[in-house]
Amino acid sequence: MNDTIAAIATAQGVGAISIIRVSGEEAINIVSNVFSNKNFKDADSHTIHYGFIMENGEKIDEVLVSKMCAPKTFTREDVVEINTHGGISTTNKVLEVLLSNGCRLAEPGEFSKRAFLNGRIDLTEAEGIIDLINAKTEKAHKMAINQVGGKASLLIKDLRNDLSQILANIEVNLNYPEYDDIEDITVSKIKDSMKNLDLKINKIISESKNGELLKSGINTVILGRPNVGKSSLLNNLIGEEKAIVTEIQGTTRDSVEATLIVDNIILNLIDTAGVRKTDDIVESIGVEKSLKLAESADLVLLVLDYNQKLTDDDKQLIESLKGKNYITIINKCDLEKKIDDELLLNKVYVSAAESINMEGIALKIKELFNLEKLETDDMNYLGGARSLSILNQVGDSVKEVNKGIELGFSLDMIEIDLKKIWSLLGEIIGESYEEELIDELFSRFCVGK
């Protein structure tokens with residue numbers, strides 16, 4: 001933390017400009033030593049200056065340099081940003097000059113890591129930065145902005161503050177019973193508080209799971225027996241001939257994957273081998289894999305043939321999907337109807353070959369996952385498996401408190417579990433953390449962020 005770091009903050013390649021970021025105690029001094037503008041060092045904070053980056057009296061590039069003095073910077077250290085002409089050679093040369101004059105090349109995510117360690121952001125805001133960089137849709141972008149803005153952090157801090165008051169009152173009740181002006185904490189009051197806490201936590205967990213679907217996409221398996229049009233459906237959805245389509249049964253013997261965005265919904269599609277009884281060893285392996293993929297998927301698109309009666313294979317697939325999120329895609333609706341579809345659920349009639357009603361699939365997905373009602377501006381969304389895992393532990397600890405209350409545990413015993421909940425909530429926002437966890441989290445950032 002005492003050294004000064006530098007890195008290219010923009011994507012490398014040909015472009016109008018590149019930005020090199022420098023942060024640390026010596027940031028201003030080091031840049032002053034290689035910058036032709038002699039007024040830069042003594043200039044006011046948060047100002048921009050024109051000049052040249054120099055090396056041994058030679059001009060390296062014509063630049064604009066931003067000076068930002070601590071603590072009003074992203075890292076809460078002195079920060080300098082150099083705007084160079086875009087291009088790999090020029091940008092790398094300017095960075096090389098900085099490194100040879102005392103900077104160290106920043107590690108992935110080190111600027112954000114310093115922002116966290118210096119109290120500029122907490123861990124949920126840091127995870128929001130990752131989500132913001134990786135956002136693929138408008139809704140994912142809005143959720144990430146909420147998290148970067150500290151909305152989720154405030155919620156967790158409020159929960160911790162409520163617990164702090166309860167714990168403080170328990171301590172006074174146990175150790176200083178002579179104080180009459182302190183609220184008498186009873187097991188009944190703690191039970192009411194736990195009920196309220198449980199409701200809030202379950203709401204956050206539920207919204208975070210929904211948010212994860214919007215952010216990372218819905219893992220979707222296309223399932224059905226051979227020749228019902230699964231590969232045609234995939235090709236139509238993604239707009240290219242990715243899967244082989246023939247009249248020969250068993251053409252698709254392994255899964256074919258693709259990702260697309262449909263009306264702000266990310267679908268991670270997997271087209272699978274046709275499911276049927278077969279003596280072909282290779283095809284049977286593909287069938288088994290198809291069924292396993294369907295088990296673990298967030299959504300199954302079960303494809304049936306509008307022009308054929310339901311077969312035993314169709315009926316077995318329908319039975320296997322009970323309790324799962326699935327949509328029945330009745331394909332080839334441009335042909336004569338022969339299917340008995342009265343008892344089928346979540347039906348969408350399409351013709352993949354003729355591009356009939358393909359938009360109906362997205363509408364049905366929104367309906368099935370209730371995505372239309374998800375208001376990303378108001379979601380208490382926690383991004384990342386780490387936060388969600390800790391929150392699930394909090395939920396389990398709340399259950400332990402309630403169990404202790406039911407069994408008649410004393411206040412000092414119940415207090416132990418309450419302190420555990422308070423500590424776990426602190427881990428989410430980074431009030432307590434292990435150094436290895438911090439290193440792992442920020443290593444997922446790109447260099448320069």
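Contact here means heavy atoms within 4.5 Å.

**Entry: H7 and H12**

I listed the residues of H7 that meet H12 and found Val187, Ile190, Lys191, Met194, Leu197, Asp198, Ile201, Ile204, Ile205, Ser208 and Lys209. On the H12 side I noted Leu388, Leu391, Asn392, Val394, Gly395, Val398, Val401, Asn402, Ile405 and Glu406. Sorted by class, this contact holds 13 nonpolar, 4 polar and 4 charged residues.

I then looked up the geometry. H7 covers residues 187–216 and H12 covers residues 385–406. The two pack at an angle of about 155°, and their axes are 10 Å apart. Because of that angle, H7 is roughly antiparallel to H12; the cut-off for that term is an angle over 145 degrees. I recorded the crossing of H7 and H12 as left-handed.

**Entry: H4 and H5**

I went on to H4 (residues 123–134) and H5 (residues 138–148). Their packing angle is also about 155°, with the axes 7 Å apart. H4 is therefore roughly antiparallel to H5. The crossing of H4 and H5 is left-handed.

From H4, I wrote down Thr124, Glu125, Glu127, Gly128, Ile129, Asp131 and Leu132 as the residues that meet H5. Their counterparts in H5 are His141, Ala144, Ile145, Gln147 and Val148. By class I have 5 nonpolar, 4 polar and 3 charged residues in the contact of H4 with H5.

**Entry: the sheet**

I looked up the strand order and found an open sheet of 6 strands, E3-E4-E5-E2-E1-E6, with mixed pairing. E3 (47–55) and E6 (104–105) are the edge strands. Each has a single partner strand, so one side of each is left without a neighbour in the sheet.

Ile5 has Arg104 in E6 as its bridge partner. Helix H3 (residues 110–117) packs on the sheet, where it touches E1, E2 (17–23) and E6. I noted an angle of about 135° between the direction of H3 and that of E1.

One opposite pair I recorded is His49 with Val65 in E4. E4 in turn runs antiparallel to E5 (residues 79–85), joined by 5 bridges. There I noted Leu64 opposite Asn83 in E5.

E3 and E4 form a hairpin with 2 residues between them. Asn56 lies in the loop between E3 and E4, and its phi is near 55°, a positive value in a residue other than glycine.

In the loop between E4 and E5, I looked at Pro71. The peptide bond from Ala70 to Pro71 is cis, with omega near 5°.

**Entry: confidence**

I looked up the confidence last. The chain averages a pLDDT of 83, and 86% of the residues score at least 70. Over residues 242–254, I found a pLDDT below 50. Beyond near neighbours in sequence, that stretch has 36 contacts in the model. Where pLDDT is low, the predicted coordinates should not be read in detail. I therefore leave those coordinates without a detailed reading.

Definitions and conventions. Residues numbered from 1 in each chain as written. Predicted model: local features only at pLDDT ≥ 70, side-chain atom pairs only at ≥ 80, totals over all residues. Heavy atoms only, no water. Axes fitted to C-alpha atoms, helices over the stretch in contact; angles between N-to-C directions. Helix = DSSP H or I, 4+ residues; strand = E, 2+ residues; numbered from the N terminus. Parallel < 35°, antiparallel > 145°, perpendicular 65-115°, else oblique. Left-handed = near helix turned anticlockwise from the far one by under 90°. Nonpolar A, V, L, I, M, F, W, Y, C, P; charged D, E, K, R; others polar. pLDDT = per-residue confidence, 0-100. Pairing = 2+ DSSP bridges.
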